Amino acid sequence: MRILFTGLEDERFSRPLQLITNLFYEESELSITTLADPELIIDIQYSIADSIITAHAKLTEIATGNMYEGNYSKEFPPFETEKEMFKKVKSAVSHVYVTVLQELTGVIQPWGILTGIRPTKLLHKKRNAGVSYEEAHKELKEDYLITDEKIELMQQIVERQLTMVPDLYDLQKEVSIYIGIPFCPTKCAYCTFPAYAINGRQGSVNSFLGGLHYEMREIGRWLKENRIKITTVYYGGGTPTSITAEEMDMLYEEMYESFPDVKDIREITVEAGRPDTITPEKLDVLKKWNIDRISINPQSYIQETLKAIGRHHTVDETIEKFHLARKMGMNNINMDLIIGLPGEGVEEFNYTLSETEKLMPESLTVHTLSFKRASEMTRNKDKYKVAGREEITQMMDNASTWTQEHGYVPYYLYRMKNILGNLENVGYALPGQESIYNIMIMEEQQTIIGLGCGAASKFIEPDTGKITQFANPKDPKTYNDSFAEYTEKKLNILNDLFKVPSSHS
């Protein structure tokens, strides 16, 4: 679709307009200056007077001459900065643009103008500011065009999170820790995480683990010195159970020696996502260190699908390893399913749900496939045929119904760019079994320190909520060469964040 905008000259509008266009059209070219032979011309005008922002859009479809119009007007408190004002103008422009595209296409966007990852943050922010749920719902609908169904989902999730973590808004002075293990048995076709096939890389693994132990010791020492508590620890990757049982044992021993008050940490999770990495010896190690929350991720119970996406384990192996983990004392198991995998439709997804019913894990995360820019699947889109918008929506509805019927409640959600059907990823859990780490990372209420190759840290200023991101190198060699330098940088950020005089070195 070729789209020419008139009335907007600020280049800062280009990206938000492109993101919204992507919700409606798979391929598009748009311009806010000149464009030869446009199929749509959209005139957008806006004005600001006495803190009232008004926006108007008129869409003309060249082929038919049909015209559609959208209007928006809202009064705001006085703007303190130009950046704050432009943010509201951008929302107003997005509002009228979505309105005319919905009119033209007949496609209703359930998340309205939102293209960001964490919609529930909006509701938390309003609630924390003392806005009633009723007023917050009205604002979400009017300002963001979110449908009643999605607002209800947001409400359920926020209530569930505050039940599970009643002090959610008071955890700014604590931190959570993410530990990244960048190795997997094989790389999945949809994956963009820093993950390397482990076969033949034992030298890399040894060097990497040396750097990770160093980071854990130094960060742990800083936390102890400054009496900062850890809320949760999460071992992700890659697949943290790709390394040997001995290496896992040493890693958790390091955690107990280096981190403050490990026995008081609310939750420690280890992703054992690939069933082909789970052994009795590794489960024994988890048990030894009192870790009983793991993930075993089937993604699908269709063998052909697993083969197509590069997962070299069998469906039977997933089931067998689940039962083994259960027998060996793992009493909080999460499983991930993906909607819209290549070759799968409603029938295949319903089969996956029926197989899940035989296992009944404590929590279930339902992902909608996203064509991530750097994944093998995106590079070879023609090879991976996926379901259309209506079928994807039906699968998500089926997941929602199934979880409700089986006693699960939604407790976190996030969205991604290029997600099929413009839907979302939802975490469901049996009440009381929700992952606190998932809540912390989605709602951005506290600092999360990332340790290991490719691990990202998110530093959140306790008083203002300002976010600073910092990432370790993604490839093991660069990480091995520079882990001490990156640890030092993190410690300096932590000193600034928690207003500590720099004296650790």
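**Close-up views of the predicted model**

**View 1. K321 touches P275, D276, I278 and I296, with residues up to four places away in sequence left out of the count.** Contact here means heavy atoms within 4.5 Å. The model is a predicted one: local features need pLDDT of at least 70, side-chain atom pairs count only at pLDDT 80 or more, and totals for chains, interfaces and linings use all residues. Residues are numbered from 1 along each chain as its sequence is written, and side-chain values use heavy atoms, with hydrogens and water left out. K321 belongs to helix 10 (residues 315–327); helices (H or I, at least four residues) and strands (E, at least two) are DSSP runs, numbered from the N terminus. With a relative accessible area of 10%, K321 is buried. Buried means under 20% relative accessible area, exposed means over 50%, and partly exposed lies in between (1.4 Å probe, protein chains only). Two backbone oxygens lie beside this lysine side chain: that of P275 at 3.1 Å, and that of I278, which is 2.8 Å from a polar atom of the K321 side chain. A polar contact is a pair of N or O atoms within 3.5 Å; within protein, one must be able to donate a hydrogen and the other to accept it, and residues adjacent in sequence count only if both atoms are side-chain atoms.

**View 2. Five strands form an open sheet with mixed pairing, in the order 2-1-3-4-5.** Strand 2 (29–31) and strand 5 (67–75) are the edge strands, each pairing on one side only. From one strand to the next, the twist averages 15°. Two strands are said to pair if DSSP finds at least two bridges between them. Strand 3 (residues 40–49) and strand 4 (residues 52–61) are antiparallel and pair over 10 bridges. Within that pairing, I41 has T60 in strand 4 as its bridge partner. Helix 2 (residues 82–105) packs on the sheet and touches strand 1 (2–6), strand 3, strand 4 and strand 5. The direction of helix 2 makes about 30° with that of strand 4; axes are lines fitted to C-alpha atoms, for helices over the stretch in contact, and angles run from 0 to 180 degrees between N-to-C directions.

**View 3. A salt bridge joins K74 to D143.** The term means a side-chain nitrogen of Lys or Arg within 4 Å of a carboxyl oxygen of Asp or Glu, and the structure holds 24 of these salt bridges. In the K74 and D143 pair, the closest N and O atoms are 2.6 Å apart. The two residues come from distant parts of the chain, with K74 in strand 5 and D143 in helix 4 (residues 133–144), 69 residues apart. K74 counts as partly exposed because its relative accessibility is 22%, whereas D143, at 11%, counts as buried.

**View 4. R118, K121, E444 and K458 are linked in a network of salt bridges.** In the salt bridge between K121 and E444, the closest N and O atoms are 2.4 Å apart. This pair also links distant parts of the chain: K121 is in helix 3 (residues 120–128), while E444 is in the loop between helix 14 (436–443) and strand 16 (447–451), 323 residues apart. K121 is partly exposed at 30% relative accessibility, and E444 is buried at 13%. E444 also meets K458 in a salt bridge, at 2.7 Å from N to O. K458 lies in strand 17 (residues 456–460) and E444 in the loop between helix 14 and strand 16, so their pair ties together parts 14 residues apart in sequence. Both E444 and K458 are buried.

**View 5. Strand 6 (residues 175–181) is mostly covered, with seven of its seven residues buried.** The buried residues lie on both faces: V175, I177, I179 and I181 on one side, and S176, Y178 and G180 on the other. Strands of a sheet pair through backbone hydrogen bonds, either parallel or antiparallel. Strand 6 pairs with strand 9 (residues 230–237) in the parallel sense over six bridges, and Y178 has Y234 as its bridge partner in strand 9. Strand 6 also runs parallel to strand 16, joined by five bridges. There, I177 stands opposite I449.

**View 6. I177 and Y252 touch the most other members of the largest nonpolar core, which has 141 residues.** Helix 2 gives the most to this core, with 10 residues. A nonpolar core is a set of buried Ala, Val, Leu, Ile, Met, Phe, Trp, Tyr and Cys residues joined through side-chain atoms within 4.5 Å. Not counting residues up to four places away in sequence, Y252 touches Y235, V270, V285, L286, W289 and I291.
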